[in-house]
Amino acid sequence: MESRMKKKRPNPFLRVASALLLLVVLVASATTGYAFLKLQRTADALITPLKGEQKLPLEAMRPVNVLLIGVDERKNDPGRADAIMLLSFNPKTKQASSLSIPRDMQVTLADGQTTKINHTYAYGGVEETLQTVEKTFDVEIPYYAKINMDGLIELVDAVDGVTVDNPSAFSWNDRRLQKEYKKGQIELDGLEASGYARMRKQDPLGDMGRQIRQRQVLESVGMKLAGPNILTKLEQLSQVLEDNFSTNITFSEATQLAQENQTGFKHLQSLKIDGEGYIASDGIWYFFASEASMRETKQALEALMKG
């Protein structure tokens, strides 16, 4: 029998971090003059098309899927996709879903090789990861947005921190941060916000509680971006985005996606993949999705796309 073991989960915060790109676009759509032009130019600088990309007009792709990828990239290291999330939007039904894909999930590549899904980024970058997700979940994904590991920390710092209402006190300790988080309203810088959103084991709600805290941080950043002081932060925000984000979503496409799907984006249906993790016959620890869970997930995605 294959041996089983517990494995510490990586930072899941970046599963939703790239969605901040859409928040930035929402801000741009509500501003005029210099702010609008600056954000538009920044968005244009983030564009990195997929290899051989031949996108259809946005009108021909509704409903639409967007793959969000959080990566850990360092100098002379291709990096790994430490967080992968599939966002699905249907503006007609005003529905949207988010599917967080376990980074250690075993998948089969086009050549028949099996690997962890986060390794696909090291093999072939965004294209390999996107194609693997398409194959695994039987979906078409025309859009992606990628954020580097430290991008969200820098973004929180760029807006001078965030304020959140912490539902329960807890402590956090890793190589970069040791902090006691008090219950109630607290102010956090970028690194502190990262720790706040990463904690799971001490939360009575487990992963659900972590998702709530993640959303608190994102909403707080969004409020800062929508505030009157954004004009004084444009240069810093633009630099953070240019250094840490890339996408094939054009400014006009992102604006349209954000405007059409505001209702769905605010009420995302969270899809979850159930299964178990253990060391396989090749000596590597994987997360194995259950057949029932994969079937239900594919059905949910198909229903949203057809609704």
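Select Arg213 and Tyr196 to begin: Arg213 lies over the face of Tyr196, 5.7 Å from the ring centre. The model on screen is a predicted one.

Phe170, Tyr181 and Tyr196 make up one aromatic cluster.

Next, the other aromatic rings. How many aromatic pairs does a search of the whole structure find? The search finds five. To look at one pair, select Tyr278 and Phe288. The ring centres of Tyr278 and Phe288 are 4.6 Å apart and the planes meet at 20°. Planes under 30 degrees apart count as stacked, so this pair is stacked. Colour the strands to see where the two residues sit: Tyr278 is in strand E13 (residues 275-279), and Phe288 is in strand E14 (residues 285-289). The two are ten residues apart, and the pair links distant parts of the chain. Are Tyr278 and Phe288 buried or exposed? Both are buried.

Last, select residues 151-158, which are helix H4, and residues 234-244, which are helix H7. The helices pack with their axes 9 Å apart, at an angle of about 180°. An angle over 145 degrees counts as roughly antiparallel, so H4 is roughly antiparallel to H7. Show the side chains where the helices touch. On H4 the contact is made by Gly151, Glu154, Leu155, Asp157 and Ala158; on H7 the contact is made by Gln236, Leu237, Val240 and Asn244. Colour these residues by type: four are nonpolar, three polar and two charged.

Methods. Residues are numbered from 1 along each chain as its sequence is written. This is a predicted model: local features need pLDDT of at least 70, side-chain atom pairs count only at pLDDT 80 or more; totals for chains, interfaces and linings use all residues. Side-chain values use heavy atoms; hydrogens and water are left out. Axes are lines fitted to C-alpha atoms, for helices over the stretch in contact, and angles run from 0 to 180 degrees between N-to-C directions. Helices (H or I, at least four residues) and strands (E, at least two) are DSSP runs, numbered from the N terminus. Angles under 35 degrees count as roughly parallel, over 145 as roughly antiparallel, 65 to 115 as roughly perpendicular and the rest as oblique. Contact means heavy atoms within 4.5 Å. Ala, Val, Leu, Ile, Met, Phe, Trp, Tyr, Cys and Pro count as nonpolar, Asp, Glu, Lys and Arg as charged, and the others, Gly among them, as polar. Rings of Phe, Tyr and Trp (its six-membered ring) pair if their centres lie within 6.5 Å; planes under 30 degrees apart count as stacked, over 60 as edge-to-face and the rest as tilted. Buried means under 20% relative accessible area, exposed over 50%, partly exposed in between (1.4 Å probe, protein chains only). A charge sits over a ring if NZ of Lys or CZ of Arg is within 6 Å of the ring centre and within 35 degrees of the ring normal.
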